[in-house]
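Please find below a short note prepared for a colleague who is new to this structure. The sequence and the structure are shown first.

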Amino acid sequence: MSSGFFDRLAARLDKVDPGSLQAQLLRLARERGFLETIFQSIQEGVLVIDNDGKLLYANRAAEQFIGFEFARVRGRSVERYLRDLDWNRLLGVEDEPGTARLLTHELEITYPEHRFLAVYAVPLPVQEETGKSVLIIFRDVTRDRLQEIDALDGERLNAVRLLAAGVAHEIGNPLNALNIHLQLLAREVAALPEASRAGLTDLVEVARTEVGRLDNIIAQFLRALRPSKPQFELASPDEALQETLRLMKADIENRRIAVSIECPDAVPRVFIDPQQIKQVFFNLIKNALEAMPDGGALKIAFGVGDVFLTIAFQDTGHGIPASDMGRIFEPYHTTKSKGTGLGLMIVQRIVQEHGGQIEVSSKPRAGTCFRVLLPLADRRIRMLQSPVKRESQ
Ligand code: ADP
Ligand code: MG
């Protein structure tokens, strides 16, 4: 990336052609220097990594965050500096052209300083010299993160909780009334003569089941909004998925969505809070359904890697425009007339508290894939034993 080469080349070129070529090259060199100055002065860490995980570029902030010298590590693998990133996933996935991909993730590093970094990784278009490469941007969120514990309990979540309490009140009361009336109705029906009773009992029963289902959804919604710490237990996420799908069965059928599940023989158990993970699945599936108003297919696939258990939700919906990609996790960002814009915020919060990651890829008019990556159990034990975690106890 040094501009020395350009300078030397430009200096020699006056012997060949003193005309516009030299001016062009000098301009190029200046622009390059200009860009370089910008990259060096921003607070975000910027890394470019090639297809084999080798370092092509790092700016000063990245050097400071990660604790290496670009000049020494250039052209070498940076994997060991950033073990928590899922490199295979980052580098290996072949996307169709036109697919926007974003991996968002929070990284806790302990060397050279204890920091929390928000990581955004975006594959770069294939270039002749370097082939496929990935741009990785780090933002230091240590201060946010340390304040977040209070802040999350504070303002923003208070607003959310108020809203949720409002929703519970608005929907909960008529639901209770419905339930009571259905009980009364059931009693009346039972008192009818056998002949006129036929069919009615079933109808009332169905109505009561549906009301119960609604009640459940609201209870879940409230639970997820309450900023409770996850209650981790060793559990299997496929059970959580089955339960979520059962809860959403009617909605899925009404919308003519074909759901398929791809599952290895034994899905490993991981440390999760099953209630919260159900909430994650619920929100992702709901979004997928809403993205396919004319029906479609939702493919849910489990995958086991070295570090993570992956659960992918691939829909055939309208997709997310690249320009919206960066905003979908923001609270209140919604493109739906009746949306809350809270679903993905909740998903992200829960997954982060599980030490996991979320990856989104989407192609407009073709579909969207949300991947939830949860740390495998043995890895989590390692995480818990890290010296920093012990210090803060
Ligand atoms: P809400 O569903 O209430 O709008 P979310 O936080 O769940 O809020 O989602 C935010 C936005 O992200 C949605 O409004 C939608 O534009 C986009 N989105 C999320 N999931 C999908 C998906 N599977 N397909 C297309 N767009 C999606
Ligand atoms: Mg939603």
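This is a predicted model: local features need pLDDT of at least 70, side-chain atom pairs count only at pLDDT 80 or more; totals for chains, interfaces and linings use all residues.

1. Helix H12 spans residues 274–290 and helix H13 residues 343–353; their axes come within 9 Å and cross at roughly 145°. The crossing of this pair is left-handed. On the H12 side, the contact is made by Gln276, Gln279, Val280, Asn283, Leu284 and Asn287. H13 contributes Gly343, Leu344, Ile346, Val347, Ile350, Val351 and Glu353. By class, the contact of H12 with H13 comprises seven nonpolar residues, five polar ones and one charged.

2. Helix H10, residues 237–247, also packs with H12, at an angle of about 50° and with the axes 9 Å apart. The two helices are therefore oblique to each other. Their crossing is right-handed. From H10, the contact involves Pro237, Ala240, Leu241, Glu243, Thr244, Leu245 and Leu247, and from H12 it involves Pro274, Ile277, Lys278, Phe281, Phe282 and Ile285. The residues of the contact of H10 with H12 comprise 10 nonpolar, one polar and two charged.

3. The second largest pocket has a volume of about 1100 Å³. Its lining consists of 43 residues, and those nearest the centre are Lys286, Asn287, Glu290, Lys336 and Thr340. Asn287 of H12 also belongs to the contact with H13.

4. Which element gives the largest share of the lining of the second largest pocket? That share, eight residues, comes from H12. Elements giving two or more residues include helix H7 (155–191), helix H9 (200–225), strand E10 (308–315), H13 and strand E12 (367–375). By class, the lining has 21 nonpolar, 14 polar and eight charged residues.

Key. Residues are numbered from 1 along each chain as its sequence is written. Chains are lettered from A and ligands numbered from 1 in the order in which they are written. Side-chain values use heavy atoms; hydrogens and water are left out. Axes are lines fitted to C-alpha atoms, for helices over the stretch in contact, and angles run from 0 to 180 degrees between N-to-C directions. Helices (H or I, at least four residues) and strands (E, at least two) are DSSP runs, numbered from the N terminus. A crossing is left-handed if the near helix is turned anticlockwise from the far one by less than a right angle, and right-handed if clockwise. Contact means heavy atoms within 4.5 Å. Ala, Val, Leu, Ile, Met, Phe, Trp, Tyr, Cys and Pro count as nonpolar, Asp, Glu, Lys and Arg as charged, and the others, Gly among them, as polar. Angles under 35 degrees count as roughly parallel, over 145 as roughly antiparallel, 65 to 115 as roughly perpendicular and the rest as oblique. On a 1 Å grid over the protein atoms alone, a cavity is a set of points where a 1.4 Å probe fits but cannot get out, and a pocket is an open set with protein on both sides within 12 Å along at least five of seven lines; lining residues have an atom within 4 Å of a point. Grid points are joined across faces, edges and corners, and a volume is the space filled by probe spheres set on the points.
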